[in-house]
Structure formats: C-alpha cells, structure tokens
Amino acid sequence: MYIIPALDIKDGKIVKAYAGNRDNYTPLKIDSKDLSDPKYYINILKNFFFLKYIYIADLNSIAGSKRNWKILNQILLSFEEIIFWIDGGFSSFSKVREFESEQKKNGISNYKIVLGTESLGLNNFLKYFDYKKNHILSLDFNGKEKKWIKRISKINLIIILMFMKQIGGRGIDWKNLNKLSKCKKNENFIISGGLKFDSEKNKIKKMKYKGILTSNYIQKKISRDLKKSLNLISKK
C-alpha cells in the first residue's frame with residue numbers, strides 16, 4: 001500500500017488544507033517553520049518517505065483563475081524520479097491536451113493527469129474514458145457523487161476517493177468506504193481525506209486498498225522530527 005503525499009498549491013505556495021474550504025487555506029507552516037516553498041518541502045518529504053508518487057492540486061486552476069504551471073514544470077524537472085499526479089481542474093479535453101503538450105515541449109513525462117468529478121462534466125467523463133485508460137479519476141465527495149458511483153464500477157483504472165469534508169485529519173469515512181467496496185475492488189481505490197492515526201492506516205492496509213493520499217498525517221510525522229530534517233536539508 002502506498003502513502004502518497006498530497007500537496008495543494010495556491011499562488012505558487014504549498015498551503016495547509018482543512019475540510020475542503022479552500023478560501024481558508026494558508027501557506028504551510030510546521031512548528032512555526034515556513035515550509036510553503038514546494039521544492040523545499042518535497043526535499044523534506046524525501047528524508048521521511050520512499051516517494052514513488054506525489055499528488056499535486058493546482059488550486060488556482062481548479063478555481064478557474066490563474067495557473068501554477070510554471071512552478072509545476074519546475075517541480076517535475078527537479079524530481080524526475082517521482083511520478084506526480086496532477087489535478088489541474090481539467091474540465092475539458094482541450095485543457096488536458098494543452099497541459100500534455102506543454103510537458104512534451106519541455107521533455108517532461110513523469111506525471112499522470114488526475115480528472116476530478118468536481119471539474120469534469122458527466123458527458124465528458126463518459127466519452128473520455130472510452131479511449132483514455134492511463135489517467136486517474138478523482139471521485140469527489142461534494143454532494144454530487146451519487147451520479148458518478150454507478151459508472152465507476154465499469155471503469156478499470158485507479159480511482160481516488162476524495163472525501164472533501166474529511167480533509168485535515170477529521171477521520172476516515174468508513175461508511176462510504178464500505179458502501180463503495182461492494183461495487184469495485186479495493187485494490188483500485190486510493191483513499192483521500194481523514195487519516196489521523198497509524199491504527200487507521202493499518203486497518204486500510206488490511207482491507208487491501210491501493211493507497212492513502214494524505215497531507216495532515218504526513219505533516220504530523222514531519223513535526224515530530226523537524227529539526228533533524230531541516231539539518232539534513234541544510235547539509236545538501
């Protein structure tokens with residue numbers, strides 16, 4: 001099972017997520033230390049975890065305002081050994097193709113596109129996944145998830161179960177997890193939102209979920225040994 005760090009980027013900085021209320025997200029600090037610089041924070045993560053994947057949400061793009069593509073390009077180029085899952089609020093095929101074209105131009109290939117139901121229209125979803133199998137779906141629990149759930153049982157791809165209200169370590173939504181497990185194998189699901197304790201992580205592992213996408217849980221672990229981590233970074 002993978003533990004996948006979740007990074008929310010707003011105005012070029014990593015921000016602290018809580019309960020999906022993006023207006024209240026503030027630049028990330030751990031123990032009063034400013035860790036909002038994305039590349040600096042990823043270097044800290046590398047000292048604590050074996051990183052195969054990192055999820056990044058471009059909150060400006062998702063909100064339909066300016067993009068953080070320049071900083072995303074810098075991140076992808078700086079950490080070629082990591083596969084980044086990019087959620088850029090892609091609401092149409094043309095936006096996906098535009099992002100992919102930009103990365104191809106820069107020789108970047110260490111990423112996967114995350115298509116969130118928050119942004120993607122239902123008709124687009126049905127057409128898109130007829131021929132695109134290499135992307136990741138984010139099933140966003142925001143009150144509109146019921147219309148999507150019947151369709152995901154027919155799709156063979158990784159699915160992030162994004163429990164928006166649980167973000168910030170507010171507890172795992174076991175009720176919905178158990179319900180969804182009846183229509184699709186757990187091995188296809190990445191759980192996002194709510195992880196607080198190692199006991200929850202261990203339970204999810206025993207249930208054979210593919211992974212957990214988390215920010216708060218990881219930040220707490222960093223906080224326990226931040227001084228050591230900062231010393232390691234300064235010596236590089």
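**Briefing on the predicted model**

Tyr-53 is buried, its relative accessible area being 15%; buried means under 20% relative accessible area, exposed over 50% and partly exposed in between, with a 1.4 Å probe and protein chains only. The structure is a predicted model, in which local features need pLDDT of at least 70 and side-chain atom pairs count only at pLDDT 80 or more, while totals for chains, interfaces and linings use all residues. Residues are numbered from 1 along each chain as its sequence is written, and side-chain values use heavy atoms, with hydrogens and water left out.

**Aromatic pairs**

- Across the whole structure, a search finds seven aromatic pairs; rings of Phe, Tyr and Trp (its six-membered ring) pair if their centres lie within 6.5 Å, and planes under 30 degrees apart count as stacked, over 60 as edge-to-face and the rest as tilted.
- The pair of Tyr-53 and Trp-85 is tilted, because the ring centres are 5.1 Å apart and the planes stand at 45°.
- Tyr-53 belongs to strand β6 (residues 53-58) and Trp-85 to strand β7 (residues 83-87), so this pair ties together parts that are 32 residues apart in sequence; helices (H or I, at least four residues) and strands (E, at least two) are DSSP runs, numbered from the N terminus.
- Trp-85 has 1% relative accessibility and therefore counts as buried.
- Trp-69 and Phe-99 form an edge-to-face pair, because their ring centres are 5.1 Å apart and their planes are at 85°.
- This pair links distant parts of the chain, with Trp-69 in helix α3 and Phe-99 in helix α4 (residues 93-105), 30 residues apart.

**Charges over rings**

- Arg-67 lies over the face of Trp-69, at 4.1 Å from the ring centre; a charge sits over a ring if NZ of Lys or CZ of Arg is within 6 Å of the ring centre and within 35 degrees of the ring normal.
- The charged end of Lys-203 is placed over the ring of Trp-174, 4.1 Å from its centre.

**Nonpolar cores**

- The largest nonpolar core has 53 residues, and those with the most contacts inside it are Tyr-41, Leu-45, Ile-54, Ile-56, Phe-84 and Leu-161; such a core is a set of buried Ala, Val, Leu, Ile, Met, Phe, Trp, Tyr and Cys residues joined through side-chain atoms within 4.5 Å.
- Helix α3 (residues 69-78) gives the most to this core, contributing five residues.
- A second, separate core of 19 residues includes Val-15, Tyr-25, Tyr-55 and Ile-136.

**Asn-60 and its surroundings**

- Asn-60 is found in helix α2 (residues 59-62) and counts as buried at 6% relative accessibility.
- A polar atom of the Asn-60 side chain lies 2.7 Å from the backbone nitrogen of Asp-11.
- Leaving out residues up to four places away in sequence, Asn-60 touches Ile-9, Lys-10, Asp-11, Ser-65, Lys-66 and Asn-68; contact means heavy atoms within 4.5 Å.

- Asn-176, Leu-177 and Leu-180 are buried in helix α7 (residues 174-181).
- The buried residues of α7 fall within an arc of 105° seen down the axis, so they line one face of the helix; the arc is that of the directions from the helix axis to the C-beta atoms.
- Ala-17, in the loop between β2 (13-16) and β3 (26-27), is buried, with a relative accessible area of 4%.
- The C-alpha atoms of Ala-17 and Ser-215 are separated by 7.8 Å, although the two are 198 residues apart along the chain.

Terms used
A polar contact is a pair of N or O atoms within 3.5 Å; within protein, one must be able to donate a hydrogen and the other to accept it, and residues adjacent in sequence count only if both atoms are side-chain atoms.
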